[in-house]
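This briefing is meant for someone meeting the structure for the first time.

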Amino acid sequence: SATSAATPSSSLVTEVDQLLQRLGVPRTAYTGGDLPVRSPITGEAIGAVREVSAADASAAIARAQAAFQAWRNVPAPRRGELVRLLGEELRAAKDDLGLLVTIEAGKIPSEGLGEVQEMIDICDFAVGLSRQLYGLTIATERPGHRMMETWHPLGVCGVISAFNFPVAVWSWNAALALVCGDSVVWKPSEKTPLTALATHAIAQRALARFGDAPEGLLELLIGQRGIGEVLVDDARVAVLSATGSTAMGRAVGPRLAARFARAILELGGNNAAIVAPTADLDLALRGIAFAAMGTAGQRCTTLRRLFVHDSIYDSLVPQLRKVYSNVQVGDPRTAGTLVGPLIDRGAYDGMQKALDQARALDAKVHGGERVPGLGGSDAYYVRPALVELQKHEGPALHETFAPILYVVRYSTLDEAIAWNNAVGAGLSSSIFTLNVREAEQFMSAAGSDCGIANVNIGPSGAEIGGAFGGEKETGGGREAGSDSWKAYMRRATNTINYSTALPLAQGVKFDV
Ligand code: UN1
């Protein structure tokens, strides 16, 4: 099976330094700090950042709160101009930032660049949105009255993001929040602070070109869990968008609820695909390969469960096994690599634990082993695992953030849809079929219970134009396109009486 070697370590540190210099990050921000940053490509340290104190975090929130109070009065299309400039700066920095995503998160270059493209796309979307923050006009029951809705800026928007989309998730929130009139305080993953510093520097250039944006509009908090908790608990943070595990959401959700803050939770996924008898198998094979092995299985939308109809199981699964044993695992910067490293040892251990659980159920486990000779001793490259389970059970019922695809045979579509829905998470799902009845049943009210339900494409790789998010243990939040912007604003219902009478609603009489 194909593998590729990682390049010598010292060159990586130099490359990161040059990238960060070109991106405009001061050297003091990524050297000499107390939090080491490592690249999953080699496992070596590529920087050392400074964690902010809780007091610093609180001061940043205060600046953001003051910025909000000014920014909310700037006309929305003018706010859109800042996001337009952000999009321009991202275009100019795309190659460098994309490569830094590759180095810090381990993504292959097309995915690193794709992530920056997603940032550019959401900026374009938000610029248009800045002229489309529409409210309804509603027919009233009273003569001489008018009723309408006005959408107003909400306040400080906190963003907590994960390592796997280290910069795009910030942009989905920030681009919308900015045009909606909110300020943004961002706590990136402690595993990927360098891409956050670079993004912050890019945003500072957009702010400088914009000219008169209030200070504190975009704040960055480098830190660990405790700093995230400051954001979660601070009453000045009106809306918090948190991306991460369901366990994180279980901790964050109730704390936000306790202070009645708005929550946008993007938590775990345990996404399935159904391959039906009429499926275009060649297309399905490619769709499954990208969705299950892309980003080394570290997307929240990664395909983790595959339900294959009895009638095609014996033709599809052997082909899939071949794809799994041939896919090139290695340094993401090497041409031809499709599967880069896992983020760290914790991810590797979690994967092995799930595979052991599968073996205990007499599953057939193909792949999943560490690929030797790649990176250093603290780099974790694995061959993606294909696990044939006899039943829909065991580790398949829970998300493991690693490239494991559980395959189960099914005989009726009802059964496959029931399995699709039989897990805690409800993020994404898909069906491969050329049968319009099956496709429609899958997308119907009685079909997939997920926030995303696709036909003839895998569950991952969503475009920004749609609302992104899922149900149940995925947390219920929606980001990016459609009307997701409404979560970043508050709605006022206005009733205006332009008559000389005072008719009361519901026919109430109250004559004094
Ligand atoms: C995530 O993994 O946190 O649909 C988000 C996708 C991407 C977003 C994934 N656009 O795969």
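Leaving aside residues up to four places away in sequence, E266 touches T243, C300, G469, G475, G477 and E479. The model in which these contacts are found is a predicted one.

**The annotated residue**
- The UniProt annotation "active site", which comes from an unreviewed entry, covers E266, and this residue lies in strand β10.
- E266 counts as buried because 29 other C-beta atoms lie within 10 Å, where 20 or more are needed for that class.

**Around the ligand**
- The residues that surround the ligand are N164, F165, T243, R299, C300, T301, S460, G461 and A462.
- Sorted by class, this shell is made up of 3 nonpolar, 5 polar and 1 charged residues.
- T243 and C300 belong to the ligand's surroundings, and T243 and C300 are also among the residues that E266 touches.

**The sheet**
- Five strands form an open sheet with parallel pairing, and their order is β8-β7-β6-β9-β10.
- The edges are formed by β8 (218-220) and β10 (262-266), each of which pairs on one side only.
- On average, and with direction ignored, neighbouring strands of this sheet are turned by 15 degrees against each other.
- In general, the strands of a sheet pair through backbone hydrogen bonds, in either a parallel or an antiparallel way.

**Helices packed with the sheet**
- Helix α2 (residues 54-71) lies across β6, β7, β8 and β9 (237-243), and runs at about 155 degrees to β7.
- In helix α7 (residues 225-233), the buried residues are I227, G228, V230, L231 and V232.
- These buried residues of α7 pack against helix α2, against strands β6, β7 and β9, and against α8 (246-258).

**A glycine in another strand**
- Strand β13 (residues 329-330) contains G330, which is buried because 24 other C-beta atoms lie within 10 Å, against the 20 or more that the class requires.
- Although G330 and G375 are 45 residues apart in sequence, the distance between them in space is 8.4 Å, taken from C-alpha to C-alpha.

Methods:
Residues are numbered from 1 along each chain as its sequence is written. This is a predicted model: local features need pLDDT of at least 70, side-chain atom pairs count only at pLDDT 80 or more; totals for chains, interfaces and linings use all residues. Two strands pair if DSSP finds at least two bridges between them. Helices (H or I, at least four residues) and strands (E, at least two) are DSSP runs, numbered from the N terminus. Axes are lines fitted to C-alpha atoms, for helices over the stretch in contact, and angles run from 0 to 180 degrees between N-to-C directions. Two residues are in contact if their C-beta atoms, placed from the backbone, lie within 7 Å. A residue is near a molecule or strand if its C-beta atom, placed from the backbone, lies within 6 Å of it. Ala, Val, Leu, Ile, Met, Phe, Trp, Tyr, Cys and Pro count as nonpolar, Asp, Glu, Lys and Arg as charged, and the others, Gly among them, as polar. UniProt positions are given in the numbering used here, feature names are shortened, and annotations may be inferred rather than shown by experiment. A residue is buried if 20 or more other C-beta atoms lie within 10 Å of its own, exposed if 12 or fewer, and partly exposed in between; C-beta atoms are placed from the backbone.
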